[in-house]
Amino acid sequence: MTVGEKQAGPDSPPEVLDGPFSTRQLLRIDEALRLADQNTGLVFSVFVGGLDEPIREHAERLHRQLAEPDKSVLIAVSPNQRQLEIVTGRYARKRIPDTYAKLAALSMVAAFGGGDLAGGIINGLDQLASHAGKG
């Protein structure tokens, strides 16, 4: 059993995670991350959960903890706080300027507002990777 997984009863399917995503949604997000990494040469990451105040500084701390922060892009989403931050490393920022990150963020927020957290993240990853281009 994995962390968060509960034993299934005879009448109920197992709950894989205690988070906001179904197994199918997690697989789709994982695939979007893999494609973004593969197509750009950058390293994309997603954090979904509570962010400490100040929000931007917490997202930047998370980004610095990544294996290759200079070529990494972090999408940090806190649904309960209604917050979204996109943090780009020094090299990644040359390929994804703030203007393009803001456009992706607007698209993601629109999807989140419609109740589609997973779809918003997937679309945001796709937009960011498209703007970064081949690496």
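In this predicted model, histidine 58 sits within helix H2, which spans residues 55-64. With a relative accessible area of 11%, histidine 58 counts as buried, since the cut-off for that class is under 20%. Leaving aside residues up to four places away in sequence, the residues that histidine 58 touches are Gly50, Leu51 and Asp52.

The loop that leads from strand E1 (43-48) to H2 contains proline 54, and the peptide bond that joins glutamate 53 to proline 54 is cis, with an omega of about -15°.

The phi of arginine 82 is near 60°, which is a positive value in a residue other than glycine. In contrast to the buried histidine 58, arginine 82 is exposed, its relative accessible area being 75%.

Turning to the packing of helices, helix H1 (residues 23-40) and helix H5 (residues 117-132) meet at an angle of about 5°, and their axes lie 9 Å apart. H1 is therefore roughly parallel to H5, because an angle under 35 degrees is counted in that way. On the side of H1 the contact is made by Gln25, Arg28, Ile29, Ala32, Leu33, Ala36 and Thr40, while H5 contributes Ala118, Ile121, Ile122, Leu125, Ala129 and Ala132. Sorted by class, the contact of H1 with H5 comprises 10 nonpolar, two polar and one charged residues.

Key: Residues numbered from 1 in each chain as written. Predicted model: local features only at pLDDT ≥ 70, side-chain atom pairs only at ≥ 80, totals over all residues. Heavy atoms only, no water. Helix = DSSP H or I, 4+ residues; strand = E, 2+ residues; numbered from the N terminus. Buried < 20%, exposed > 50% of the residue type's maximum accessible area, 1.4 Å probe, protein only. Contact = heavy atoms within 4.5 Å. Axes fitted to C-alpha atoms, helices over the stretch in contact; angles between N-to-C directions. Parallel < 35°, antiparallel > 145°, perpendicular 65-115°, else oblique. Nonpolar A, V, L, I, M, F, W, Y, C, P; charged D, E, K, R; others polar.
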